[in-house]
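Please keep the sequence and the 3D view at hand.

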Amino acid sequence: MKKIFSVVAFFVILSCEEVVIIDLPPELNLLVFEGSVSDRLEVQSIRLTRSNSFSGQLNPAVEDATVSVEDRNGDVYPFNHDGNGVYLSDVPFQGIRNMEYRANVVLSDGDIVQSGWSDIPPNTNIVLLSVDSFEENDPLLSGNLTLFFPRITARDSADYPNYYRWVFFKNGEKVTDPESITIQNDLFFDGNFIPNSFSQFEYNEGEEITVELQAINQNTFDFLALLKAQITTLGSSASTTPANVTGNLTNTTRPSIPVLGHFSTISISSASAIAEN
Amino acid sequence: MLVKKYYLSLLFTVGLMLINFTCLSQSSFLDQSLKSGTGSYNLSQLLDLLRSEGIPLAYSSDKLPNLSIQLNENETPRSLLQRLKRERIIDFSYSGPLILLSEYIEKKYTINGVIKDAGTGEYLIGAYVQLNQSTVGTITNGYGYYSLTVPEGEYTISIKHIGYKEYHTTIDLNQHTNLSISAEPTITTLEEVEINSITSDINVTSSIPSTTRININNKEGQIPYLLGAVDLIQNALLHPGISTTGEDASGIHVRGGRVDQNLILLDEATIYNPNHYIRVSIFNPEAVNDIKVLKGFIPPSYGGRTSSVIEVRQKEGNAKKLSYSGSVGPFSTRALIEGPFRKGKSSFLASVRQSLINLNINDFGGTSVRRDRFSFTDVNLKVNAKPNKYNTYYLSGYIGSDRNAFGLSSKSNWGNKMMNFRWNHVFSPRVFSNLSSYVSEYSYRNENFEEPGAFVSTSRIVDYSVKADLTYSFNPNNNVNFGFSTIFHRLKPGDREPFDETISSTNTIRLDTEHALESGSYLNHELEYGNFTFNYGLRYSFFHNFGPDQVRVYQSGVPFAESTITDTLSFAQNEVIQFYHHAEPRVSINWKLREATSLKASYSKMVQYLHLISNTLAPSPTDIWKLSDYHILPSITHQYTLGLYKNFKQNMWESSAEVYYKENLNNIDYREGADLIFNENIETEIITSRGRAYGLELYLAKKYGPVTGWLSYTLSRTENRIDPDNTSVFIVTNFDKPHNLSTSWVMKLSDRLSISSNFTYSTGIPLILPRDKYIFEGNLVPFFGLTNLSRLPDYHRLDFSLTLQGKKLRKNGAPRKFKSYWVFSLYNVYNRKNVNNYFFRESADNSGLGEIVQYSIFGAIIPGITYNFKF
C-alpha cells in the first residue's frame, strides 16, 4: 500500500512554497509590550520592543523607558531594565486574587503608555500529569517510533466563567511555535474536567515534560485567540481577514498611535514528568 | 335591418332547398362536376351559380368577402368548397341536408408534446421547436415539454438541439395535436458533425439574458479538470462572470455576489453546500444532465437568493433499455445503472461515485498515522413514470457524504441529502403544470474522541418545500406563468454533547432551533410584439420567523454586545417574531435589431432571507446558516443589465457583450475577531455592509464544426463598504478580480481521437500586505495597518486533454455494444506555480526576521488518466 502511495506521490508533487521579496511600505516603529503579573511570588518581567519593517532586521529593544506596575491600592512596583528590553521588578512580588493591576510605561520622548486594569483570576490546580504514547510510522526508516505526550487532569470551577491557557516546556524550554498557543473557554465544560487533547505536543523518550495551566482573563483570551488566528491561518482559504491584534494598552499622550502587545494577569499551576512508559 | 335581411335570405334559401332537394343525397350532387364554365367569378356570383345548379347552400351574402375566384375545369362543388376553406376565404359546415356557409374565422390549435432522446428516452431540456424555419418557435422546459398555439394550417416543425440531428416533420394542423418527438443523437464522425449539429439562435431570441448553460453530454460539457475529473462547476468557471477566490476555495462568486447568494438547485431542491473537498462539486457528471446558471435577469419563478440561480438536473434514466456506465480514474470511480421499469412508461437511474485517493492535497500520499484523511461518496437516484401523455411523475434523491479524519483524535462527516417528488400535468395542450415538493438537508457532525473532553457536535438545516407552477400559452408569442412556493426552514445551528455521557466532561449545549416560513408567489408574462419580446413579472416574497425563541434587545445607538443587552423577549411556539415581505419586480426586454442580432436589457430585484455565517476567505463545510430575524435584515440586490447578442454564419458563431451594475444592500460582514462558534447572540459579531458590482462580459463561441469552443472575458469590479452613516469609501472585496479571461476548445482529430484545451487568466485577488512585524512571546506577528491594499500575482493556467474512443465496430462490421473511451489529461501544462496566497512568517534560518512565502497549491504539471465505459 505504501508503495502505491509513493508511486502516486512521484507523479504528483503537489503544493510548493517559495520565499519572495515584495516591496513593502515604510515601517511604523510601534511600541510592543509583552508582560504579565502572575500569582507566583517571583520577579515579574515585562519586555518592551519596537515593531519594524516586516522584512527588516530584528526588532529593536526599548531600553530607556520607565516601567512600573501599580495595583488598585495605590502600591507601585517599579521595574528596572535588565538588558535587551527586558524589565524586571526590583523585588519579587505576587499578584493577589481579585486585586487589579495595570502597567505604566514612560517613554524617553515623554509619552505615557498605560494598560487597562486587570485582575488575577482564580487559580485552577493541575491534579495529575501523566504521560501517554502512540506509535508513529517513521518517515525515514521503515518501522515505528514511539512518541509521548502529556495528559493532564484538572477540574474547572463552575461558579465563574473561566478562560485557560496551556504552556508546554520541553527540557525546561518553552514551546513557542504559533500552533502551540493553546487556549480554552469553559463554555463547553463548565464545572467539569478540562479537555486535554495534547497529542500534538510530542516528546521523545526521556525528555522532561513541564506543563503550565494558566488561568487568564477574557480580554487575554480574546487577544490570544485573534493573535493565533492571525499567525496560523493567514494565507490559507480558511483564513480570517487580516486584522490588527490590539491589546489593552494605550498611548495616553498620543492616543492615535497604536500600542501593540498585551498586559495580562494570570494564575499559574504547573507540573512536570519524564517522557517514558 | 341587416339582421332582418339575413333571416329573409336564410328563409328563402331553406325554402328553396326543401322544395327541390329533399330526395337527393349530398354525396351524389357534391361530387358531380359543375356545369358552369371555367373562368373568374365574383364570390357571390359563384355561389349563386352553385345554387342555380341545385347545391343547397345557406349563407348571408353580406358576410362574405368580395373576392374574385377562379373556377377550374372538372371542379366539383365539394372540391371547390374545400379549396375555398383551405384558402381561408369561407368556412362551411353541414347541417342536415344544408350546407351552411360563413365567413372564414381563423382558428388556432395547439401542438404540444415532449422531445426525447431516441436512444435513451431521456427528455431533452432546452430543445428548440421551430415552425416553418421562421422565428416562431419555443424551447422545451425543464421537463422536455413544449406547447405552441398557432393558426390552423400546414406547418413544417423542426427540432434543433445541440448534439442531436435536426428533425423535420410536416403536419396539417386542423385540431389540437399532441406531437412527441424522439431526436436522434448525432453520430460523432467528422462529416456528420459538420452536417447535422446545426444550432439554434436561442441565445439571441431568448428573452432571458445572461444565461450560461452547459450540457454534460456535449463535447464542451466533458472538458476534464484536475486528475481528469469532469466537473460542471469547474466548467462554469470558464464562462463570463463566474469566479472563485483560489484553487482550493469552494464557493463561487457570480457577478460580484457572495458565495451564499447563489440559489443552487438539484432537481428543484435547494442544495446548501455544493462542494466536496478541493472544490469538486457534488454533482456526479455520470448522473446529471445539465447545468444552467442565470446570473442577470432572474425570472420571477425563482427567489430566495440575490446573486444567481444555478440549476442542475439529474438524468432520468434510459426508458428503452437497461444500460450501465461508469469510469475509473485516480480521482474517483463512478458507476451508473439505468433502465426501464416498463418500456416507454417508466424508468429509473441509480448512480454512485466514490473518491479514491486521500483528498487532503497537502498530505494525500502521507503515511503518518496522524495524517488527515478526506474522502467522499455520492449516491443519486431517480425514478419517473409516465402513465399517459397528461401526467409524468418523478421521484429523485441524492445523498452526499464527506468523511474527514483529522489526526488521531477527531473526525467529521458532512453532506447534503435531498428527496424530491414532482408531478407534471398537462391540463390542456396550452396549460402545463408542475407540482414539486421536496425535503433537503445539509448537516455536519464533528466527533472528538479524546477524553475527557470528548464531544460530538452537530449542526443541521432542513427545508420542507412545496411549489406549484402553471404555464399558460395563449400562442407562441404570448405566455403566462404563475405559481407559488413555500419553504419551511428548520435550523439547528449547533448542538454539542458529550461523546460518552459517563466519562466525558463536556457539557451539553444546544443553541436555539430557528424556524421560518419563506413563501413567494409570482406572475410572469412573456410577450412577443413585433421585434420586441417582453418578459416581465413580479414575485412577492414573505418571510415569517417564528418561535419558540428568546430574542435579546440591545441598547440603541451602540454596537450590539453582551454588555449592551437591555432585555430578553420570549416568543412562544409558532408566535411570529419577525415578518418581512418584499415585492420583487423583474423585467427583461429583447429588441431584435435584425436577423441573429438582438439587444437585451433587464432589471431584477432579489431578496434573500437566509445567510451563511462565515468569516473565512472561502466557506468551510462547518459554516452555519442563519435566518433573517429580529436583528438581521434580509439582503437585497438590484441588478441592471444591457447586452448585445449577435450570431454569425448561420449560428455557427455566437457572440455577446453585456454590461451589468448591481447594488447589494444589507450584506453580512463581521467585526474583527468575531467569535462565531456556538455563539447564542450571533448578531453581536455581525455588521452590515453595502456593496456594488459592475462589469463588462464578452463572449464568443463556435458551436459546431470539427473545432468548437469559446472565449470569455470579464472586466469587473466588486466593492463593499461598512456604512453606518454612508460616509465611508468603497473598498474592493477580497474576491474582486478585475480581469478574467477563459478560453476552451475541443478539436476532433479523427473518428476516435479528440483533443481539448483550456486556458484561464485572472487578476490576483486583493490582499493586505503587512507594514510592520513584531515579536510577541517568541512568535512573529505581522502588523497590517490595513491601508496597504495589494494583490496576489496574476493567475494563469493551461490544461490539455486527449480523448481516445474505443473501437465502435467489430471486425465483422457490426456495432459494438460495449463502448469505452480513455481520457488523458494534463493540468497546469506549463508548470506555472500560481500563487494561491502569501504566508507571513518567521524565517526558519534567521530567528526574529520576517519572510513572505508564496504558496502554490499546484506546483507541478498534474497528469490524469480516466477510463470510461458504457454498455
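This is a predicted model: local features need pLDDT of at least 70, side-chain atom pairs count only at pLDDT 80 or more; totals for chains, interfaces and linings use all residues.

Residues are numbered from 1 along each chain as its sequence is written, chains are lettered from A and ligands numbered from 1 in the order in which they are written, and side-chain values use heavy atoms, with hydrogens and water left out.

Let's begin at the interface. Here 72 residues of chain B are in contact with 83 residues of chain A, where contact means heavy atoms within 4.5 Å. The area buried between chain B and chain A is about 6,700 Å², and carbon and sulfur atoms give 58% of that area. Buried area is the accessible area (1.4 Å probe) that two parts lose on being put together, summed over both.

How many salt bridges are there between chain B and chain A? The count is two, a salt bridge being a side-chain nitrogen of Lys or Arg within 4 Å of a carboxyl oxygen of Asp or Glu. One salt bridge to look for is formed by the side chains of A:Lys174 and B:Glu777, at 3.8 Å from N to O. Between chain B and chain A there are also 15 residue pairs in polar contact, both residues at pLDDT 80 or more. A polar contact is a pair of N or O atoms within 3.5 Å; within protein, one must be able to donate a hydrogen and the other to accept it, and residues adjacent in sequence count only if both atoms are side-chain atoms.

Several strands of chain B give two or more residues to the side that touches chain A, among them strand 47 (772-776), strand 48 (779-783) and strand 53 (850-856). The largest share, seven residues, comes from strand 53 of chain B. Strands (E, at least two residues) are DSSP runs, numbered from the N terminus.

Two strands pair if DSSP finds at least two bridges between them. Strand 4 (residues 52-53) of chain A pairs with strand 47 of chain B over two bridges, with A:Asn52 opposite B:Lys773. Five bridges join strand 47 to strand 48 of chain B, and B:Tyr774 has B:Val781 as its bridge partner in strand 48.

Now move within chain B to strand 28 (residues 455-475) and strand 29 (residues 478-498), which run antiparallel and are joined by 19 bridges. A hairpin joins strand 28 to strand 29 of chain B through two residues, and B:Ser473 stands opposite B:Asn479. Strand 29 of chain B is also joined to strand 31 (residues 514-529) by 14 bridges, again antiparallel. In strand 31 of chain B, B:Glu526 stands opposite B:Asn479.

A search of the whole structure finds 39 aromatic pairs over all chains. Rings of Phe, Tyr and Trp (its six-membered ring) pair if their centres lie within 6.5 Å; planes under 30 degrees apart count as stacked, over 60 as edge-to-face and the rest as tilted. The rings of B:Tyr393 and B:Trp423 have centres 6.3 Å apart and planes at 10°, so this pair is stacked. B:Tyr393 lies in strand 25 and B:Trp423 in strand 26 of chain B, 30 residues apart.

Finally, two loops of chain B are worth a look. The peptide bond from B:Gly547 to B:Pro548 is cis, with omega near 10°, and B:Pro548 is found in the loop between strand 32 and strand 33 of chain B. B:Ala596 has a positive phi of about 65° although it is not a glycine, and B:Ala596 is found in the loop between strand 35 and strand 36 of chain B.

Notes
Helices (H or I, at least four residues) and strands (E, at least two) are DSSP runs, numbered from the N terminus.
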